[in-house]
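Here's a quick tour for anyone meeting this structure for the first time. Have a look at the model, then read on.

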Amino acid sequence: MKAVILAGGYGTRISEETHLKPKPMIEIGGKPILWHIMKQFSAHSVNEFIVCCGFRGYVIKEYFANYFLHMSDVTFNMQNNKMEVHQHSVEPWTVTLVDTGEKTMTGGRLKRVAKYVGDEPFCFTYGDGVSNVDIGKLLKFHKDQKSIATVTAVKPPGRFGALDITNNKISRFLEKSQGDESWINAGYFILEPKVLNYIQGDETIWEREPLERITNEGQLSAYKHEGFWQAMDTLRDKNILEKLWESGEAPWKIW
């Protein structure tokens, strides 16, 4: 099974980091968040990836071109112009990096990689969030639903503390609220190849017309994930993920 990962956006809300690199290359624990996402998929035996590059896509290409340099000890023999790699850290991955344009919208990026997708159902997700969603259970759910598209839905935690106020007095103080109980799109889609027919071109935003049409046709299922999910939209989000990783108990580390 293949996984398509969106990795082409500008990441303007975390510009402290993205002025030098694309958002999926922002590091958590010394590794790009893209790597963390791929490791999660790989833990569920999804090892073939199609990465939709855009803004500063060459940074992603250079990372994988020099993967051994990033992941292993090396010795350089300057006199003989040779490099020896020690302690090979090998992933069972096949990674296709596709330049999908700097200004292309999310649907357009997916449409541009159509020739690499094939004829089987595939995963599709964003390159800026991590989760411990069980891909195997997600795929089974998708097949049982017999829909052409399944999206993982989560209830995000509230960002701020909550106050219960009665007659101008606080009756309950909550350090962190549980959000508004609404389910939201967390990515981690399972899609049938025919969904590509719902995308017009580069200007198409996947979350709008294509998903709205699929929904209206009764062909979009929701897999409710009660476990961990965290997007990395801001520097605050990055710091949260960094602290979780440093604690040694990062919920998404299932490998």
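Start with helix 7, residues 135-145: its buried residues are Ile135, Leu138, Leu139 and His142. They span an arc of only 100 degrees around the axis, which is why they end up on the same side of helix 7. There's a simple rule behind this kind of pattern: an α-helix has 3.6 residues a turn, so residues three or four places apart point the same way. Keep in mind that this is a predicted model.

What do the buried residues of helix 7 pack against? Their neighbours are helix 2 (33-43), strand 8 (122-126), strand 10 (149-154), strand 14 (189-191) and strand 15 (220-224).

Just past the helix comes Lys146, which has a positive phi of about 60 degrees.

Now for strand 4, residues 48-53. This strand is mostly covered, with five of its six residues buried. Here's how strand 4 pairs up:

| Strands paired | Bridges | Direction |
|---|---|---|
| strand 1 (residues 2-7) and strand 4 | six bridges | parallel |
| strand 4 and strand 7 (residues 94-99) | six bridges | parallel |

To spot these pairings in the model, find Lys2, whose bridge partner in strand 4 is Glu48. Then look for Cys53, whose bridge partner in strand 7 is Asp99.

Conventions:
Residues are numbered from 1 along each chain as its sequence is written. This is a predicted model: local features need pLDDT of at least 70, side-chain atom pairs count only at pLDDT 80 or more; totals for chains, interfaces and linings use all residues. Side-chain values use heavy atoms; hydrogens and water are left out. Buried means under 20% relative accessible area, exposed over 50%, partly exposed in between (1.4 Å probe, protein chains only). Helices (H or I, at least four residues) and strands (E, at least two) are DSSP runs, numbered from the N terminus. The arc is that of the directions from the helix axis to the C-beta atoms. Contact means heavy atoms within 4.5 Å. Two strands pair if DSSP finds at least two bridges between them.
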